[in-house]
There are 2 protein chains.
Amino acid sequence: MRSLVSRALLLSIVAHQLAFAQTAPASQPATLEGVPASTNVPGAQFPRINPDRSVTFRIHAPEAKFVGARIDSIYSGVRSDSGDWTIRTKPQVPGFHYYWLIIDSVRVNDPASETFYGTGKMTSGIEIPEPGVDFYDVKNVPHGDVRERWYFSKTTGTHRRAFVYTPPGYDRSRVRYPVLYLQHGGGEDERGWVQQGHVAAIMDNLIAEKKAKPMLVVMERGYAQRPRGASPPVTLAGGTSSTPPVPDRFAPMAAFPDVVITDLIPMIDSTYRTLTDRDHRAMAGLSMGGMQTFQTTLNHLDRFAWIGGFSGVGGGFGIPGAVPLDVKTSYNGVLADAAAFNRKVKLVWIGLGTAEPQRMHDGIIAFHKALESAGITHVYYESPGTAHEWQTWRRSLHEFAPLLF
Amino acid sequence: MRSLVSRALLLSIVAHQLAFAQTAPASQPATLEGVPASTNVPGAQFPRINPDRSVTFRIHAPEAKFVGARIDSIYSGVRSDSGDWTIRTKPQVPGFHYYWLIIDSVRVNDPASETFYGTGKMTSGIEIPEPGVDFYDVKNVPHGDVRERWYFSKTTGTHRRAFVYTPPGYDRSRVRYPVLYLQHGGGEDERGWVQQGHVAAIMDNLIAEKKAKPMLVVMERGYAQRPRGASPPVTLAGGTSSTPPVPDRFAPMAAFPDVVITDLIPMIDSTYRTLTDRDHRAMAGLSMGGMQTFQTTLNHLDRFAWIGGFSGVGGGFGIPGAVPLDVKTSYNGVLADAAAFNRKVKLVWIGLGTAEPQRMHDGIIAFHKALESAGITHVYYESPGTAHEWQTWRRSLHEFAPLLF
């Protein structure tokens, strides 16, 4: 009996030991610099964040002729006699960065790291702490839930997934809550705000400090195509309903505004205790999600009164054939009468990072200036020192959410 | 204005195009065999599942001397002139399989696939459909939510994460629900049942068919250590409270039963509308989670009345120094009086796959036989043709949940 039972779970134990092979008391030399990143898989000693915020990656690749890492730029590794490659970067900006390793021209994820859906595939990511900043950390405050919810979309003819943040106390109260629809960027998906963005920690902390009102936050897949053969009522970009069909390469998201209006909002309002009038519904998004936000809200001001663009604005897609922003005609002309618009819309909020790529930085500022010239009241925010990355968007949410409702 | 705005979101568009580069109408030759796996990242044409359930992987690695794939065993790839490597496997058993690629002796994930936390790190995974079987697919039935919930554990002194499935109708009803605590296996974490296991689809479908009662399902991290210096009240394995301390390599999960009893159950019962008596609380787990289930429930029968082991059972860890199952003394002797045990415990359920590794298979059957000899009433289930893998555990949950409450 003993031997049979004692052998019963051997494989399970092996799996377990595999999982924790690296959690044993570190046999690393005491001189190892820095600390393991919080985004490492449990027990992984690398990547390490050094005191100067440079990062050290390490991987065993004895047969490789070149090993490097791509983070803010590409860094070459150095090989040890045993075939371990060590790559040390320049100091990194605080926040979350996607990265990958390069082994003899093949882009691979770092086996020592968590992966995140970004750049159109699962990608390694690393969290660089920002000294003295903890608004996006999990703290000992009341926590809301982030709920994975599937629903059927008539627009796309498919089951789709959204994540829904419900605030602390939602389950025990009977009140209804306002809703923020919050979208990720291109190459990311509905997981972005939850995993890379730390949306739940940001909202929990703001609500605990009474800086933001309790609200639901809904994050949807964002990409949406009608079934083949269906006739698309095009309302994309800054165009009116008479806009010519968008180029094919934007087909993957052409139906998203209709998904929001026709499928998502009704599902959310019938599933959760929400306030369903436009004064209690906001939408914001980052980068591509910012474009989608302006496209969706400005064409449906009967549904939304609060609008946010984080490193992403309205006014045409910058592609041949799309209509650029014209305050007189774009979005069915809702911007033409600034006074009426300002009475109707409670908040337009535009944010960007000061270290964004120049063309993007200039373009967002141009949109800001265009609104300013047209007399459209709005808030303009600059995130100091951050690029087209999640630290800009975490800060944007942290600034934007307290202004809502 | 036009040029500024039109350049504004160029980077966003590039990211978007990156994300969808592969979703354009397939320019692949019409002769391409099989279909892309549902576990591929959007648009990826490989891996493909062929009609005979073999899998074809492909990766571009022009400088590599060897490329292979590890799934049920290791397969070698064949290089094309352009540096694409194609790897074709033998027919695979239906269900979810972890896999990885090997490039010149380095284990890497497949960039074309989703990744899943298993084998102690993020790992590629592939779903092989089972013809005619859809109990774990998302269908057009009422959906519950899977909620990500953080809470603070006094036992470990850390913030911990659990996923909580709430059934359809939970939000709109005022009734209280029974709770199933459901654990993953070694090298996996609290995401396992949600992502690999499809727990929400299984429960939604069972509840829609009125085959299972609406219930909450709680999935916790599973690994738990006391802060350094704290004195551990050891109740691990099959042992009594007089069991000697477990070997160091099991320290990473030594505190889990205390987390469940002291931290997790009180948090769940104070946060959600639960039925809090033992008759409405179940626990089950797979592999390592099965061991943890017997360890937790049999030492706390005042809290649990329903027990399930999926390819994982009680009775010692099969490691030197641990106490093997002794029906007279193990778990404080709760098995010694079979009649009393059978009156007290509403269900003991043991399941395994017929294709599990021989030693594990034999060991689980030995535990089953030991219970049988001792007169402990229990259900014994065999999953035909499946190994120590998620298809066995999905089927186990599908068999087990309808018997609860």
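**Exercises on aromatic contacts**

At 6% relative accessibility, A:Tyr177 counts as buried (buried means under 20% relative accessible area, exposed over 50%, partly exposed in between, with a 1.4 Å probe and protein chains only). The model is predicted, so local features need pLDDT of at least 70 and side-chain atom pairs count only at pLDDT 80 or more, while totals for chains, interfaces and linings use all residues. Residues are numbered from 1 along each chain as its sequence is written, chains are lettered from A and ligands numbered from 1 in the order in which they are written, and side-chain values use heavy atoms, without hydrogens and water.

**Exercise 1.** Classify the pair of A:Phe96 and A:Phe116.

Step 1. Rings of Phe, Tyr and Trp (its six-membered ring) pair if their centres lie within 6.5 Å; planes under 30 degrees apart are stacked, over 60 edge-to-face, and the rest tilted.

Step 2. For A:Phe96 and A:Phe116 the centres are 4.8 Å apart and the planes stand at 80°, so the pair is edge-to-face.

Step 3. Both A:Phe96 and A:Phe116 are buried.

**Exercise 2.** Classify the pair of A:Tyr170 and A:Tyr177.

Step 1. With 5.4 Å centre to centre and 35° between the planes, A:Tyr170 and A:Tyr177 form a tilted pair.

Step 2. A:Tyr170 has 1% relative accessibility and therefore counts as buried.

**Exercise 3.** Identify the charge over the ring of B:Tyr136.

Step 1. The criterion requires NZ of Lys or CZ of Arg within 6 Å of the ring centre and within 35 degrees of the ring normal.

Step 2. B:Arg394 lies over the face of B:Tyr136, 4.3 Å from the ring centre.
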